[in-house]
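Here are my notes on the model, point by point. Please read them with the structure open.

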Amino acid sequence: MTLENITLDGNNVEVKYNGSLVMAEASAVTIKAGATLCNATSALGTHQAAGGGSVGYDYAYGGAIHLEGASAFTMSGGSIINCQAAYGGAISDMGTGNMTISGGIIDNCVASAAGGGIHKDIVRRAVGRDRS
């Protein structure tokens with residue numbers, strides 16, 4: 001997926017269960033000039049069982065972009081602004097692909113746990129397993 005001359009605006013809506021603007025698994029994501037990803041919030045939440053008990057806890061990865069598997073990420077222009085998540089306010093890379101950033105702007109992105117702008121999970125990558 002190539003984003004160029006487009007705006008993806010999360011409108012400051014809090015989305016639970018990894019509510020990133022862009023989610024990719026084993027694919028390429030490229031951000032070029034004129035692309036703006038903004039105002040996205042990926043919020044923490046839990047899955048609930050039918051009887052009301054908690055089944056599992058979901059982390060909030062990547063306010064704007066969440067990458068899994070062999071996804072490759074390239075940013076040569078554009079901007080990611082005003083985004084937040086628990087891990088990687090702008091970008092969370094949980095995969096094994098390459099990340100290349102040669103231009104663009106990441107601004108005012110915050111994370112409550114790790115990686116204010118960018119979170120790269122090298123532990124999960126090295127071990128090859130999910131921590132959930």
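1. A salt bridge here is a side-chain nitrogen of Lys or Arg within 4 Å of a carboxyl oxygen of Asp or Glu. By that rule, the whole structure has one salt bridge. The partners are Asp-93 and Lys-120, with their closest N and O atoms 3.0 Å apart. Asp-93 lies in strand β13 (residues 91–93) and Lys-120 in strand β16, so the pair ties together parts that are 27 residues apart in sequence. Strands (E, at least two residues) and helices (H or I, at least four) are DSSP runs, numbered from the N terminus.

2. The basis is as follows. This is a predicted model, in which local features need pLDDT of at least 70 and side-chain atom pairs count only at pLDDT 80 or more, while totals for chains, interfaces and linings use all residues. Residues are numbered from 1 along each chain as its sequence is written, and side-chain values use heavy atoms, with hydrogens and water left out.

3. Asp-93 is buried, at 0%. Lys-120 is partly exposed, at 26%.

4. Ser-92 is also in strand β13. Ser-92 counts as buried, with 0% relative accessibility. Contact means heavy atoms within 4.5 Å. Not counting residues up to four places away in sequence, Ser-92 touches Tyr-61, Gly-62, Ile-65, His-66, Leu-67, Tyr-87 and His-119.

5. Now the interior. A nonpolar core is a set of buried Ala, Val, Leu, Ile, Met, Phe, Trp, Tyr and Cys residues joined through side-chain atoms within 4.5 Å. The largest has 18 residues, and Ile-31, Leu-37, Ile-65, Phe-73 and Ile-80 have the most contacts inside it. Two or more residues come from each of β4 (22–25), β5 (28–31), β6 (35–38), β10 (65–68) and β11 (72–81). The most come from β11, which gives three. A second, separate core has five residues, among them Ala-60, Tyr-61, Ala-86 and Tyr-87.

6. Ile-80 sits in strand β11 and is buried, at 0%. Leaving aside neighbours within four places in sequence, the contacts of Ile-80 include Leu-37, Ile-65, Ala-90, Ile-91, Ile-105 and Cys-109. Ile-80 and Ile-105 are 25 residues apart in sequence, yet 6.2 Å apart in space, C-alpha to C-alpha. With the neighbours within four places again set aside, Ile-31 is in contact with residues including Leu-3, Leu-37, Ile-65 and Phe-73.

7. How many disulfides are there? A disulfide is a pair of cysteine sulfur atoms within 2.5 Å, and the count is zero. For Cys-83, the nearest cysteine sulfur is that of Cys-109, 4.6 Å away. That is too far for a bond. Cys-83 is buried, at 1% relative accessible area. Cys-109 is buried too, at 11%.

8. Last, the surface. Patches are made of residues with over 30% relative accessible area and no salt bridge; like charges are joined within 9 Å, nonpolar side chains (Val, Leu, Ile, Met, Phe, Trp, Tyr) within 5 Å. Ile-101, Ile-106 and Ile-118 form a nonpolar patch, with about 210 Å² of accessible area together. Areas come from the Shrake-Rupley method with a 1.4 Å probe; for residues, only the protein chains shown count as cover. Ile-118 is in strand β16 (residues 118–120) and is partly exposed, at 35%.

Methods
Buried < 20%, exposed > 50% of the residue type's maximum accessible area, 1.4 Å probe, protein only.
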